[in-house]
Amino acid sequence: MDDAFTIQISGSLVKQLADDTERVKKKTRKPKPKTPKTPQKKQVEPTNQKEIHDNSQSLKPELPPTAAWPPMYFPIPPPANPELDAIRSVLQDSERVLEKLKKQEDEMVVEVKQKAKELHDKEFKLPQPKPMPCSADLTACLDCYKENTKDPLKCSTLVKNFADCARTIRQQVSSSNQ
């Protein structure tokens, strides 16, 4: 059986049961020892010690059984125990709350990781590099050289424009450093 239950025995219950057994002792009569009604035979006198001992034991009258505790019958517990049902419902509620808290914790962990990544990216992000000066002239020169591999002198005007741009940028940088 899977139905397990506990029984609590208080001191007052033990006293009450002890008082009941004393009343039972007073009311009950002691039964008289039964003697077999068989024809009397001539008893043979024992000749040795062992036979004397065996005969003395067999001649003792049986004592009446002492008053014992009445048998205890445990009632089958009712199928629904309101306290047990209340405990189960509280346990189920707490399990539901625990599941909700775990879900919230998982969501918060994801959110915190995302925020930490955003802060890290903002904190350690490299500054935007300044655009390279004269990049348009440089790409035009390179494209011209690719198109005119056999006659690179056709790109001389583009190379001159790139060189002029580079010179003016150098002059601006050197004048700002002084």
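Figure 1. Of the 178 residues in the protein, 3% count as buried. The model is a predicted one. The protein exposes about 18200 Å². Carbon and sulfur atoms supply 58% of that area.

**Figure 2. The protein has helices and no strands.** The count is five helices and zero strands. Read from the N terminus, the elements run α-α-α-α-α. Helix H3 covers residues 82-123. Helix H4 spans 135-147. Helix H5 takes in residues 156-177. How much of the contact count with a separation of 6 or more comes from residues 24 or more positions apart? Such residues account for 55% of those contacts in the protein.

**Figure 3. Asp-164 and Arg-167 meet in a salt bridge**. The N to O distance is 3.0 Å. Which helix holds the pair? Asp-164 and Arg-167 lie in helix H5. They are separated by about one helical turn, because they are three residues apart in that helix. Asp-164, at 30% relative accessibility, counts as partly exposed. Arg-167, at 42%, counts as partly exposed too.

**Figure 4. A disulfide joins Cys-134 to Cys-165**. The S to S distance is 1.7 Å. This pair links distant parts of the chain, 31 residues apart. Cys-134 is in the loop between H3 and helix H4. Cys-165 is in helix H5. The angle about the S-S bond is -90°, and the link is left-handed. Both Cys-134 and Cys-165 are buried.

**Figure 5. Cys-144 and Cys-155 form a disulfide**. Their sulfur atoms are 1.8 Å apart. The pair links distant parts of the chain, eleven residues apart. Cys-144 belongs to helix H4. Cys-155 belongs to the loop between H4 and H5. The link is left-handed, with -95° about the S-S bond. Both Cys-144 and Cys-155 are buried.

**Figure 6. The disulfides follow a 1-4, 2-3 pattern**. How many disulfides does the protein have? The count comes to two. The pattern comes from counting the bonded cysteines along the chain. Cys-134 is joined to Cys-165. Cys-144 is joined to Cys-155.

**Figure 7. Cys-141 is too far from the closest cysteine sulfur for a bond**. A disulfide needs two cysteine sulfur atoms within 2.5 Å. Is Cys-141 buried or exposed? Cys-141 is buried, with a relative accessible area of 5%. The cut-off for buried is under 20% relative accessible area.

Methods:
Residues are numbered from 1 along each chain as its sequence is written. This is a predicted model: local features need pLDDT of at least 70, side-chain atom pairs count only at pLDDT 80 or more; totals for chains, interfaces and linings use all residues. Side-chain values use heavy atoms; hydrogens and water are left out. Helices (H or I, at least four residues) and strands (E, at least two) are DSSP runs, numbered from the N terminus. Buried means under 20% relative accessible area, exposed over 50%, partly exposed in between (1.4 Å probe, protein chains only). Contact means heavy atoms within 4.5 Å. Accessible areas come from the Shrake-Rupley method with a 1.4 Å probe; for residues, only the protein chains shown count as cover. A salt bridge is a side-chain nitrogen of Lys or Arg within 4 Å of a carboxyl oxygen of Asp or Glu.
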